[in-house]
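I open this notebook to record what I looked up in the structure, entry by entry.

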Amino acid sequence: MDLPASRGRWRRRSARSHLPVVVAVLVLLLPTLLLFSSAYSTMLRALLPFTSSASGGGGVPQCGGSVELGGERFLWYAPHSGFSNQVGELRNAAVAAALLNRTLVVPPVLDHHAVVLGSCPRFRVTDPASLRAAVWDHAMQLLREGRYVSMGDIVDLSPIKSMVRTIDFRVFVSLWCGVDMRKTCFSGLCCAVSGGSSMPADYNRCRALLSGLGGSEKGCVYPVQDDCRTTVWTYQQNNDGALDQFQPDEELKRRKKISYVRRRRDIYKVLGPGSQAEDATLLAFGTLFSGPYKGSESYFDIHESPKDQRIQSLQEKIEFLPFAPEIMAAGREFAKNKIKEPFLCAQLRLLDGQFKNHWKATFSALKEKLKAVELEMKRNKNSGPVHMFIMTDLPPANWTKTYLANVAKDERYKLYTLKESDELVVQTAQRLMAAEHGVRSGFLPKTIENRKKDCDTVQLPEILLYVEESVCSCASLGFVGTSGSTIAGSIGTMRKNNVCKW
């Protein structure tokens, strides 16, 4: 540690003669240094327990915690990438929390690709601790910019409420770390349960605890360092420690100079009762995203639990988690009052990642679907235009010289779109945030003071994508999506579950 400039070296030859004077000066200056030196005050706050304005200045242990939490144990993870991937991780996290008898900390919705994992098949991923730190940093950015929205605000968690205990991230870090999260709140209840200290050192300490950058701390935090390069989590498959089917090939080992070996590990045996993680208040994973790859799963292979009916029931419930009621209602309203006719939905992802190179295939699929719909309408002797709702990341101003421009000018088709600024979307966002589903769906302190407390002004969340998906779930003439898009997969699941009834 660099010493303050005022602590220069004293000349050895004058040390004895000037010692009383030096001591007197230091004694006189010490209070001033402590009061006005930000370096000293920050250092002292880092050494002392958290302080919480919400608890009247009472100390909170360095590990985190409060009387309100009452010995509860929690599970935290680091979501990443796009929204659909984040929902997939939420489902896996719910299963892990139920298996390990922990309360799930429900994270915020992250900006698209604000946090990036990397590639599991290529064994090139961000390590779990750095991933958790990146999620914290982005959450704090959302706080500063007034753009925070919880996954529990967008996704309806009520179907799993009886099976998985949850707590909103804002409530958790306010109680466990003693930090102030009120700038993430839109309404009074959130403000009332998210207060705390706004000292930078407290936020920094909370970041260190949640990320596990300081390593494991017995009885406090157990950071899971196993990621998809070495581990595939299983449950009751009687293969704990066995080699996974997918391993890095010899060329990859030689070219990338890696020596990873992927093993299948039983999550209950490794992180449950009797394990080193059992006593930790917080169990912190990195990613919990997983997908099929070469006959295996990239990281989380717990999809069926026939020997555990409780977990099996949960897995059936989380196969589909609907959007919040306000979002679903907006989709139905647009279909019923704006389109008013049976319609086709086309989801065209054209600008993001790999999809910008596959326009031809995407438009080809739309052409084939339109032909099929027109033939069906002719058989039913319906001579009207094909009503079609378009959701795409390509702005209408850029449709020129594309197949979309041709369709828009063709009188055989009548197109409908939505914008973030449309009244329906704005009003839905207002109702959604006022409902405070994220805070209300999980753990709340027993004593809540001043529920009507005013909050700082925050921005309404961007919910266009979710409303568009809801509209597509109502498309009675069918749906055509972009191949490989997780958004298309999400819409397909909504349609399979018949969520739109009007």
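Entry 1. Disulfides.

Is the link of C177 and C206 left-handed or right-handed? I looked up the angle about the S-S bond, which is 65 degrees, and I record the link as right-handed. I note at the outset that the model is predicted.

I then placed the two cysteines of this link. C177 lies in the loop between α6 (169–176) and α7 (188–193), while C206 belongs to helix α8 (residues 200–211). The pair links distant parts of the chain, 29 residues apart. The S to S distance of C177 and C206 is 2.0 Å, and both C177 and C206 are buried.

I looked up the total and found that the structure holds five disulfides. I followed two others besides the one above.

C120 and C228 form a disulfide with their sulfur atoms 2.1 Å apart. The angle about the S-S bond is -90 degrees here, and the link of C120 and C228 is left-handed. C120 sits in the loop between β5 (118–119) and β6 (124–125), and C228 in the loop between β8 (221–223) and β9 (231–234), so this pair ties together parts 108 residues apart in sequence. I found C120 and C228 buried.

For C345 and C472, which also form a disulfide, I noted sulfur atoms 1.8 Å apart. Their link is right-handed, with 45 degrees about the S-S bond. C345 is in strand β15 (residues 344–348) and C472 in helix α17 (residues 464–472); this pair links distant parts of the chain, 127 residues apart. Both C345 and C472 are buried.

Entry 2. Helix α15.

I turned next to helix α15 (residues 423–435), which has 13 residues. From its first C-alpha to its last, α15 reaches 18 Å, close to the 18 Å expected at 1.5 Å a residue.

Which residues of α15 are buried? I listed L424, V425, T428, A429, L432 and M433. Seen down the axis of α15, these buried residues fall within an arc of 155 degrees, so they line one face of the helix. As a reminder to myself, an α-helix has 3.6 residues a turn, so residues three or four places apart point the same way.

I also looked up what this face meets: the buried residues of α15 pack against α5 (151–154), α12 (325–339), α16 (437–440) and α17. After α15 comes E436, whose phi is positive, near 55 degrees.

Entry 3. Aromatic rings.

How many aromatic pairs does the structure hold? I recorded 16 aromatic pairs. One of them is the tilted pair of F74 and F172, 4.8 Å centre to centre with 55 degrees between the planes. F74 is in strand β3 (residues 74–76) and F172 in helix α6, and the pair links distant parts of the chain, 98 residues apart. I found F74 and F172 buried.

F83 lies in helix α3 (residues 83–99) and Y466 in helix α17, so the pair ties together parts 383 residues apart in sequence. Both F83 and Y466 are buried.

I noted one aromatic cluster formed by W76, Y77, W136 and F169. Last, I looked up K367 and found its charged end over the ring of Y403, 5.0 Å from the ring centre.

Terms used: Residues are numbered from 1 along each chain as its sequence is written. This is a predicted model: local features need pLDDT of at least 70, side-chain atom pairs count only at pLDDT 80 or more; totals for chains, interfaces and linings use all residues. Side-chain values use heavy atoms; hydrogens and water are left out. A disulfide is a pair of cysteine sulfur atoms within 2.5 Å. Helices (H or I, at least four residues) and strands (E, at least two) are DSSP runs, numbered from the N terminus. Buried means under 20% relative accessible area, exposed over 50%, partly exposed in between (1.4 Å probe, protein chains only). The expected span of a helix is 1.5 Å times one less than its number of residues. The arc is that of the directions from the helix axis to the C-beta atoms. Contact means heavy atoms within 4.5 Å. Rings of Phe, Tyr and Trp (its six-membered ring) pair if their centres lie within 6.5 Å; planes under 30 degrees apart count as stacked, over 60 as edge-to-face and the rest as tilted. A charge sits over a ring if NZ of Lys or CZ of Arg is within 6 Å of the ring centre and within 35 degrees of the ring normal.
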